[in-house]
There are 6 protein chains.
Amino acid sequence: MVWQRPDERQPYQLRPVSFHKGFTRFAPGSVLTRCGDTQVLCTVSVTEGVPKFLAGTGKGWLTSEYRMLPSATQKRHERELLKLSGRTQEIQRLIGRSLRAAIDFEVLGERTLTVDADVLQADAGTRTAAITGGFVALASAISQLLQQGILERSPLCGQVAAISVGLLQGEPYLDLNYIEDVAATVDLNVVMNQHLGIIEIQGTAEEGSFSRTQLNQLLDFAEKGIQQLLIAQREAIVDWETLYVGDQGSREA
Amino acid sequence: MVWQRPDERQPYQLRPVSFHKGFTRFAPGSVLTRCGDTQVLCTVSVTEGVPKFLAGTGKGWLTSEYRMLPSATQKRHERELLKLSGRTQEIQRLIGRSLRAAIDFEVLGERTLTVDADVLQADAGTRTAAITGGFVALASAISQLLQQGILERSPLCGQVAAISVGLLQGEPYLDLNYIEDVAATVDLNVVMNQHLGIIEIQGTAEEGSFSRTQLNQLLDFAEKGIQQLLIAQREAIVDWETLYVGDQGSREA
Amino acid sequence: MVWQRPDERQPYQLRPVSFHKGFTRFAPGSVLTRCGDTQVLCTVSVTEGVPKFLAGTGKGWLTSEYRMLPSATQKRHERELLKLSGRTQEIQRLIGRSLRAAIDFEVLGERTLTVDADVLQADAGTRTAAITGGFVALASAISQLLQQGILERSPLCGQVAAISVGLLQGEPYLDLNYIEDVAATVDLNVVMNQHLGIIEIQGTAEEGSFSRTQLNQLLDFAEKGIQQLLIAQREAIVDWETLYVGDQGSREA
Amino acid sequence: MVWQRPDERQPYQLRPVSFHKGFTRFAPGSVLTRCGDTQVLCTVSVTEGVPKFLAGTGKGWLTSEYRMLPSATQKRHERELLKLSGRTQEIQRLIGRSLRAAIDFEVLGERTLTVDADVLQADAGTRTAAITGGFVALASAISQLLQQGILERSPLCGQVAAISVGLLQGEPYLDLNYIEDVAATVDLNVVMNQHLGIIEIQGTAEEGSFSRTQLNQLLDFAEKGIQQLLIAQREAIVDWETLYVGDQGSREA
Amino acid sequence: MVWQRPDERQPYQLRPVSFHKGFTRFAPGSVLTRCGDTQVLCTVSVTEGVPKFLAGTGKGWLTSEYRMLPSATQKRHERELLKLSGRTQEIQRLIGRSLRAAIDFEVLGERTLTVDADVLQADAGTRTAAITGGFVALASAISQLLQQGILERSPLCGQVAAISVGLLQGEPYLDLNYIEDVAATVDLNVVMNQHLGIIEIQGTAEEGSFSRTQLNQLLDFAEKGIQQLLIAQREAIVDWETLYVGDQGSREA
Amino acid sequence: MVWQRPDERQPYQLRPVSFHKGFTRFAPGSVLTRCGDTQVLCTVSVTEGVPKFLAGTGKGWLTSEYRMLPSATQKRHERELLKLSGRTQEIQRLIGRSLRAAIDFEVLGERTLTVDADVLQADAGTRTAAITGGFVALASAISQLLQQGILERSPLCGQVAAISVGLLQGEPYLDLNYIEDVAATVDLNVVMNQHLGIIEIQGTAEEGSFSRTQLNQLLDFAEKGIQQLLIAQREAIVDWETLYVGDQGSREA
């Protein structure tokens, strides 16, 4: 039996992706990111100063917060007060780690970039949309900081995008929506950079296990999806040539 | 010296107001409310059951939550974790009290309506925008519940809108924006119903005090503004005639 | 049908009010305030220094905390641990805002006055009793600080008192007790200064709404009540002439 | 060198003790207890039902809460929000344990007595004042519950009082005030019943240690003090003969 | 330049591993797990009942808690009160997910197994030691529950072990200790079952990125390590043949 | 009827006691303390600096934290998150107070010693085991700090041990285990120094009361037990003669 995608996409096909830049006005970077029915408002703010462990090093920092609005899901879910769920914490740590790979913190100087990812509508893939859209917001914010003269040089030394893949009926599918996410036996999130180097990989067998062959099939699909997302990001960032300073191959492991 | 409004409005003039219905898909009511640069996403969800103090009475309930996204303000502000600020609690209690005046809870039955007001962009007047837009979302939600057969009759027995007025240089101004809000010596929020009956009035002298004459001038302006908002709401609610069952004069004090 | 007051007062009549000064010894100001059966212990402490946002400005600050003892109400209520209820926060913010109108913070200098209002017995009107009695405690504290040479000049530039009024059977009544408070359809709290200028007005229709005519009737009663409270305060503050430095008309809006 | 008591008491002399019954009206038992300058408002409330571990046993329970008002001490101290200090928790557990020794819980039935001890003014000995005064409030509450017919028989099977003793300059002193409490090298709190049987003993050497001979001297003083407190309690409880049902020697260890 | 392992191990060599069964007596399963200098006390408790979302399904559950003693690390770290760090939550969710793969919850019935992993000494690899040792504790607990007749059949349908691998100087190394963990540019944790099927894979580039070729090298090493751990587990579980009921190939994705 | 000890000890007989030094490696002092089936891991860490109230005095401090692992008890108990129970706070305050009696804080200088007592297995007497074993860990830590040259002189000016005694069937018994602890009507914990001077005494009648004669019998037993514990401690601390600098009689009350 073969999985029929509810929206009739090909197994290796992304959902429509779009970046609505300048969705709000007060944060230097603000992008309403849509991946199919998933909508994440990604904003990037900048504050002078860094966390204690970096004070005096001349280096900056990037941190992230992730939340869902209560009405984002099919059934209203409670806001997290008092304490964040493990899921929320995992996701915001992942977003922060991933996007830090795009920034040269010595060029940024002792400033902190905060990426807020607020999910307005959730149809699966919110964490990868937050990373992919967060990168566009990051570029917008840097663009504005350069224009305002707050930054002299662009610290954007990498490009980062993320996608989910999964196994359904034992076969790989790209960019699962909610119905697929629930049905999948294996769920894999992949974050890659402009060279398709892996920044983060997280795979879980919700049921049973998966083989290394299956892992490789999933990664083939993820690569394909991320290649398209990298292009879409660059199209959305009109001043990409100015902002992106490249990594001169120096930071590869 | 006379106050010059930064956006050149007349003293008694509202900011442009709009209601973007169906902004998100999963909550029965979802309205992106814009009052000038203030943007509040108002959603209304319904759950079976009521708080303890109403269980078994056959009556429903309406409650509200209010939050600002961290990037909504000119300078990013921290999310409220652990505990809500006094300001946030005051506002969400006000929204709940105000919108409860629009519902006949016996007709609603033992269900709870939750109005979430999430401020995406804050240029003053967020609480009044949340009430005015929350009413439109409430009507949308009731409309959907009627169509789905969850409700048999509409419980919408009142109409509710709210506006802020303030004293600047001793003179009254309607619908202050952020710059005006900071400069005002007196700030008054007024919630009224379809007959311009007062549901809630809250006025504070940030500096000095104000006379009863000034209070009356402020209320004159508030009435004018609310009259326009009541019309704008009814225009946005296409099935108003069906939804609104009126109050038959029975609930006036 | 006309409301019969349970204690046979006239509609415009206050409950007996008294200020027991020096009820405790360690705080510079300590007043057990009684309004009928409502008893609020109001104390005023002084600490050197001010909150961050005022540091270095040469100006002082006044803040307030409000709590009910668990046994203050007819049925024991739980203490608020972990987080304060919205009601408590609203009230303590109101007390602070109101009493700040009485102080010239440049004369106070970089000191913080803390007004603690602890309700020992609650028969309605606790927030207004806290403001009215808190003002007497404030004067006591300033008197002591002057005697101790901690202050050179009195910063007491205003007088502040508060009262509640309500609509019962559509008619206005002054200074509601618990039975009346529960029965009232409209509840209005008013804070005024020595010139009967309005510092704060908060009115809520618990049921239905109220007209501007009714609002004016309620304010007439509130003015009458506050006039008497202002006299009672001055009688309780034996060194009023020394302490009160007047406002030279300079701070009116 | 011999310690000179600041208030010129004999080493074995109590501070003046008084019990102001009916200080507040809503709790069945309410006693303002004064031991010198220490003032503790002790109230006793009753609620139907018991904690889970007793449900269905037919037995009642007694619990206690202890707090200091912020203005009770010479220097204002912060209220405990979020979490109670270790000191507060120790004290309220001690009060509860001690007063439970006075009640026959089978006679009480599945009800919970809550003893609230709120310190209005603190001049040392607040926990022992809370126990001694709490017992009087307990008797008042039982008296009222009997009169209201809520209880048929009195569950008061014991009498409980408490006092502090301390070593100053190596010599024992009874009922320390704040100055003495700070200066003492050993601090001992003793709770006893109507037969001078020990219910609780807690002694701490703040400095060095103390011998068993010194412990016995301290206990001699404590016995003397408690004998007087037991008499004062019985004088304050006018219907003592009716309320006290005795222990028939049955509960001694 | 090639990495010199501080303990002179081969790149593909595990640290010495041991399982001290029955380290404590009260939990049905208790294993002090040592992987080099890392020591984790893994205990498994059983309680009747399951979380709400499973009630009435006839299926059991397994959950996990992970903590470090404050003295486990080279520099004492604070206990987590009020809220768990993101790291702690991620780890305990990972342990729970991984070990759930070993249990047939229909056979377990409506019981909850709690795996407590308390790190007594931390020299890196604590989460993988917790999983590998937690599995042995799980088997011990099941063995005891069978002997006590609480379970009739063994629910142990899988075997689970975990290991970390990392890139140092661009080359793969197995089972990093603390010094290596800090120096690694890529850190990968792998959880596998008895067939070397992947249950979970989590890889992070702390610096730069890694290629799919490097990922495969890392997975080769992980497989080797896990094969040895699976053998060590079976040696430690003396009644393995009785306990392990196999998966009949039925749960593979 | 006479109590039969479940382990057939004499009434005045201790359980076997042992101190496993160096149980973990990273804290300067680490001792797994066993008293019968009770096992407490006591570690001592040192940090530069002291709490605010001591800053600048040249004196050091000692503080303690106490926790039970969830699997330490016969039935798993929940970890304390959010807030510590009153019991936990009482115990860790007691441990801190008791062990501070062993240290000359002027010799220690502005450093803080933290004693972590983590109960791995609980068969009653965990707080006294924590004190007795904590003292051995303290001596180990000081020994290491001297060897590392961090301390020049030993601040160990006292020896501290603790034991519990209880009344069962009206007769005294030493060092109760869990079964006895539950059955006892009176429970007394005693902390003494090298001269059998009392540092702390805490006695509670769980039922009824106890006489001064019984208190003296209990103290006789406690003295006997503590004498043996003092010997066992000195045997475990191999460099006792070097570490212990004595108290020169100067700190006795």
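I looked up chains B and F in this predicted model and found that chain B and chain F do not touch, their nearest C-alpha atoms lying 11 Å apart. I then checked chain B against chain D, and these two do not touch either, with 9 Å between their nearest C-alpha atoms.

Next I turned to the pair D and F, and noted that chain F can be laid on chain D with an RMSD of 0.0 Å, by a turn of 180 degrees and a shift of 0.0 Å along the axis. That is the relation of a two-fold axis. In chain F, the C-alpha nearest the axis belongs to F:Q202, at 2.2 Å from it. I also compared the interface residues, and because 100% of those of chain F are also interface residues in chain D, the copies meet through the same surface.

I asked how much of α1(F) is covered, and found that the helix is mostly so, with twelve of its 15 residues buried. Among the buried residues I noted F:I91, F:L94, F:I95 and F:L99, but also F:E90 and F:R100.

Last, I read the annotation for chain A: the unreviewed UniProt entry places "domain: Exoribonuclease phosphorolytic" on residues 13-141 and 159-225. For residues 159-225 of chain A I took down a content of 30% helix and 43% strand, with the end C-alpha atoms 15 Å apart.

How values were computed
Residues numbered from 1 in each chain as written. Chains lettered and ligands numbered in written order. Predicted model: local features only at pLDDT ≥ 70, side-chain atom pairs only at ≥ 80, totals over all residues. Heavy atoms only, no water. UniProt positions renumbered as here; feature names shortened; annotations may be inferred. Helix = DSSP H or I, 4+ residues; strand = E, 2+ residues; numbered from the N terminus. Contact = heavy atoms within 4.5 Å. Least-squares fit on C-alpha atoms with pLDDT ≥ 70 in both. Buried < 20%, exposed > 50% of the residue type's maximum accessible area, 1.4 Å probe, protein only.
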